[in-house]
Amino acid sequence: MSTIAKIRRRDFLKISGITGTGLILGFGISAHAKENITTHFEPNAFLKIGSDNSILIFAKNPEIGQGVKTSLPMIIAEELEVDWDKTEVVQALLDPRLGAQFAGGSTAVKMNWQTLRNAGATAKHMLIAAASTEWRLPENECYAENGTVKNKRNKKVLTYGQLAERASRLDVPQEVKLKDSKDFKIIGTAKKGVDNHKIVTGTAEFGIDARKEGMLVAVIEKCPVYGGKVTGYDDSEAMKVEGVRHVVKIDPLNPVDRIAGVAVVADNTWAAIKGRKVLKVNWEYGDGADENSESITARFREYVNKKGRIDLRNEGDVDAIFDNSAKVNEAIYEVPFLSHVPMEPMNYCADVREEECHLWGPTQVPGSVQRLAESITGIPRDKITVHMTRVGGGFGRRLMADYAADAITISHALKSPVQVVWSREDDIHHDYFRPAGMYKLKAALDERNKLVAWELKASTTSRYLFREADQSPHVTEVFPDGFPAGFVPNFRMEYTPVKTVVPTGAWRAPGHNATAFIDQSFIDEMAYVADKDPVDFRLEVLGEEDREMPYSDHGGPTYSTKRLKNVIRLAAEKSEWRSKKKGTYKGFAAHFMFGAYVAEVVSISMNAKNLPQIEEIWAVVDCGIVINRSGAEAQIEGGIIDGLGATIFGEVTIAGGMAAQSNFDTYRMIRMHDAPKINIHLVESNEAPEGLGEMSLPVISAAYTNAIFAATGKRIRKLPVQLSEISS
Amino acid sequence: MADFTLNINQRSYNVHVSPDTPLLWVLRDAIGLKGTKFGCGKALCGACTVHLDGNAIRSCSLPVSAVKGKIVTIEGLSENGDHPLQEAWKEIDVPQCGYCQVGQIMSAAALLARKPQPSDEDIDTAMSGNICRCGTYPRIKKAIIMAAAKGGAK
């Protein structure tokens, strides 16, 4: 990872000046300023120490509920050697000095781990150096403790605040020593969310809470049929609604950011909503009107039953084994479109002026918002300030910045601050859904019941095809290096993407949220065909020898079978997998994704209506070093519940080129009474830390449906789970 | 447009709004009490929950003209943000994204006011109208139980 470049103080001032943060005024003037001005020591953009002993740590990434506003600053505080409770965490702006700022792929901790440690350690080192000069003692006899520097010779103590000015005059060192993990005091402990008090008192600022002088509110009518366009509109009634100021037609920007529609802009949200109700828009639906779930599924079915368009992997001779093996099993699995439905509906606030622009709102990709603003307004990026609010859930939806483009476009047109607010219906209708797909699996056992052949033919709608990003290394929705690839001598994987007007995108644990279900269900099927215990069968396929498996996808370049087998064994142990209790049935699943290893066990019973009732869930996770234990457990628990909800209820269907669901009455969500007891075990590890925002989710579907099979002998191959099929 | 006098958090507010404006938008846009959140607009998710004469109601679906009684929002739940539920929520570290939590707390507060020692089933029933996509339900339940144990009916 990057080492902090050597920057002399003079250059540092200059660089800071250009970015215009205005935070370091103390440096230059303190020497000749007599009044009581706080001097700030700011050796990098990640932290700021004041002569008043204030310790500010900047949270660089968008906080979408994954806990990075707490966990990333914890890493800095650890190396800075300060009392966590005495630090103040402040959300940073979009700022090139902070490196990539986004929320996606569970990457924040792993990408920033080294940089943030360096940032904290650099500051600490400079404060020690300042004390050593003050005391005329060698640096190695000085040490930092709890926001102070002490020395080994006498009892003198200097606080960081007292050292701030002197430290700010020193050169920033090129390399600094980092702490040994055994000396960690903050990392690995449970810290509560830094915004908890604000959240529980209703004062935390989410995007939707942005209020700017003279701000108007816009709601937008978009074509209900995907790919349709506006041919005309009549705003005479809408303009009569008191409070409505403008009705604006929005032209298409590009095929991916679907902003086209007609906006009703008013003094307040309700007036805009009312105006929209009486707005008349004429649409040309286009070819999209012919699309529906049945037609899309028919194409999946056609493709999985013939040779796939893309050969992803082919080893040995799968056909020969299938022809000659007595134990061949074949099954077709299906997953539906899913909506993201973060609790905060899409919204964004833009204030586009002549030569500058300020932006506020919930996004996972502030950098994309800035680029969009530049392309829409022509204002250069360094004049576009992106303010990051808390984000009321992301789950991948806010990797798309279409709704921000809505706001920027309207504000640019009206020369007024504008907040765009989507209704829940807009949110579901104009989502970028988790791709739907069909997966035909076939596998064979030899005479000793060993897995010797495995074939997957997958066909899905593709988020890559949708955004025409075929150049990406990840062009499919399946993982050619994922388990059991590499363990089965005859292995074939083919994939055919389906082009559709239905928008698809990344949905928490993209790809994996489908593949972990199908792989971990079908491996379970094969265990039963082999008449072996599902846990033993998985371990047998993984083999006794510990291996580093090549993995050319996010989370790679390799994964460790040792760590995967470890979570499998631990989950079996914690859940008492092998002890049979009358009336309860267990299902197992394990998966590697994005660098972390997860095994989950679901225990169910059948209730009086012969429906499955979850008794308990166990999750064992190896994500390397854990930063924030409370946050980590929250992510695991939340991911399981979210995944369970999607498994049981989640489904968007398409009819006439539109989503048939529109709000929480038709798009059902898991609620408190369905949330089971979850036991979490985090593997103690000194491996580099991985993220955790997504990893617990994909495994739960198969763990649950495998338990249903154990209880009923009915194999769930299509999601969401059709309970009527179980009870019948 | 019409004038309405509302009793919110033991204060009197005069607003001049359209009579069909949902209480939610009166709170957020006309008065500036933004703690109450918009989630679905159809009383399906609970993000907009406030108290009307002590009962948990969905402010997104109640026109201001129909409001008769005293309203309490999250801003008025406690003087210093220290209602036992707020304290428990922080202690248990409930929030993830945090967006739904105000509505969750308001539903829980109405429950505890009515039933200071709720059973598991009472909690499930009272909270069934509040959705959390982050899946914080187990911690919410723990926090309610903790607040109840500490006399959460405050």
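Reply: Let us begin with domains, whose bounds come from an automatic or database domain assignment. For chain A, this assignment gives domain 1 (9–200), domain 2 (207–286 + 346–421) and domain 3 (293–338 + 432–727). This is a predicted model, in which local features need pLDDT of at least 70, side-chain atom pairs count only at pLDDT 80 or more, and totals for chains, interfaces and linings use all residues. Residues are numbered from 1 along each chain as its sequence is written, and chains are lettered from A and ligands numbered from 1 in the order in which they are written.

Me: How far apart do the C-alpha centres of domain 1 and domain 3 of chain A lie?

Reply: Those centres are 42 Å apart. Two residues are in contact if their C-beta atoms, placed from the backbone, lie within 7 Å. By that rule, the contact takes 20 residues from domain 1 of chain A and 21 residues from domain 3 of chain A.

Me: Which helices of chain A each supply at least two residues of the side of domain 1 that touches domain 3?

Reply: Helices (H or I, at least four residues) and strands (E, at least two) are DSSP runs, numbered from the N terminus. Here the helices are helix 3 (68–80) and helix 4 (108–135) of chain A.

Me: In what order do the seven strands of the open sheet in chain A stand?

Reply: Strands of a sheet pair through backbone hydrogen bonds, either parallel or antiparallel. Two strands pair if DSSP finds at least two bridges between them. The order in chain A is 10-11-8-18-15-16-17, with mixed pairing. Strand 10 (244–250) and strand 17 (384–388) of chain A are the edge strands, each pairing on one side only. Strand 16 (residues 357–361) of chain A runs parallel to strand 17 of chain A, and five bridges join them. A:Cys357 stands opposite A:Ile384 in strand 17 of chain A.

Me: Which helix lies across strand 15 of chain A, and at what angle?

Reply: Axes are lines fitted to C-alpha atoms, for helices over the stretch in contact, and angles run from 0 to 180 degrees between N-to-C directions. Helix 12 (residues 402–414) of chain A lies across several strands, including strand 15 (347–352) of chain A, to which helix 12 runs at about 30 degrees.

Me: What is the strand order in the open sheet of four strands in chain A?

Reply: The order is 24-25-26-29, and the pairing is mixed. Its edge strands are strand 24 (585–593) and strand 29 (678–682) of chain A. Ten bridges join strand 25 (residues 596–606) to strand 26 (residues 612–622) of chain A, which run antiparallel. In this pair, A:Ser603 stands opposite A:Glu616 in strand 26 of chain A. Helix 19 (residues 697–712) of chain A lies across strand 24, strand 25 and strand 26 of chain A, running at about 155 degrees to strand 24 of chain A.
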